[in-house]
Amino acid sequence: MAITMYDSAMLYFIKTENQRETAYIYNNMGIAYSDMHLHLQAIENYLKAESIYTKLKQTRSISNINNNIGTLYFELGAYEQAYTYYNKALHIAQQNQDKKSLLTLSNNIGAFYYETGYNDSAMSFYEESRKLALELSDDLGLADASINIGNIFLEQNKADSALKYFTVANKIYTLFGRNTGRSSLGIARVFHRFGKINQAYSKLNKAFDEAKQKNDVELQREVLQEMVLLQESKGDILEAYRLLNEFIRLDNEIRSRFDSTAISSLQARYQVKQK
């Protein structure tokens, strides 16, 4: 429905040669396709919007679009491409002294380093994001950075520090009526490390219920993975096996979202653009 509406608006603005509105529609179509996990179509529309915004010298919009494209590549696991777009967006945001965008980009680039195994660099960017969130009084930005910092502390076996950051995030999300699934998962992982199995399972159930309500299958998958480990710790192999099968089903569902042909097309497009 949204795509049809945007298509109609697009035809009108192209006819009237209203470049600003045309770029705005292309950008919104990119967002709509992204929400539908249609990465190829999303990037095509984002690039059209970027081309127009470049002519109009709308640097903030160019930065936001490059961040969005970077996020799409990140979701596909194409981390090199994601970093290229994130870095371009970061450079523009730094030139504009756009602290709100720098907050988001610091978190995203931190995620890139985290996924590629460079935890020290990831922590540096996450701390920068946290610093900016405090400076801007952006509570939700602070919560996002806190979860990411907590995850690194947990990997470093600093469970007490991890719990501190997960708890901060959980309180903020609760205060703003936001989904606490990821913060609950973090707290559950800490409880598991402490051997508090019942508390851990309670938090995991809460995280899983919220993930189902939001249809967040990626979070459901992460929670199921932790549930498998928890049941193995309890020695309940049958339940662990049942949960493992559910995890595999969800994992396959997520992988099926990313059509291999579309991914190849995106890779080829990126390589051509780089040349």
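Tutor: Within helix α2, the buried residues are T22, A23, I25, Y26, N27, N28, M29, G30, A32, Y33 and S34 (buried means under 20% relative accessible area, exposed over 50% and partly exposed in between, with a 1.4 Å probe and protein chains only). The model is predicted, so local features need pLDDT of at least 70 and side-chain atom pairs pLDDT 80 or more, whereas totals for chains, interfaces and linings use all residues. Residues are numbered from 1 along each chain as its sequence is written, and side-chain values use heavy atoms, without hydrogens and water.

Helix α2 covers residues 19-35 (helices are DSSP runs of H or I with at least four residues, numbered from the N terminus). Its 17 residues reach 24 Å from first to last C-alpha, close to the 24 Å expected at 1.5 Å a residue (1.5 Å times one less than the number of residues). Just after α2, H37 adopts a positive phi of about 65 degrees.

Elsewhere, N67 lies in helix α4, residues 59-75. N67 is buried because its relative accessible area is 11%, and beyond four places in sequence N67 touches Y86, A89, T104, L105 and N108 (heavy atoms within 4.5 Å).

The whole structure holds eight aromatic pairs (ring centres within 6.5 Å; planes under 30 degrees apart are stacked, over 60 edge-to-face, the rest tilted). F112 and Y113 are edge-to-face, at 5.0 Å and 65 degrees. Y113 and Y118 are also edge-to-face, since their centres lie 6.4 Å apart with planes at 85 degrees. Y113 is buried at 17% relative accessibility, whereas Y118 is exposed at 52%. Ring pairs join Y83, F112, Y113, Y118 and F125 into a cluster.

Terms used: Helices (H or I, at least four residues) and strands (E, at least two) are DSSP runs, numbered from the N terminus. Rings of Phe, Tyr and Trp (its six-membered ring) pair if their centres lie within 6.5 Å; planes under 30 degrees apart count as stacked, over 60 as edge-to-face and the rest as tilted.
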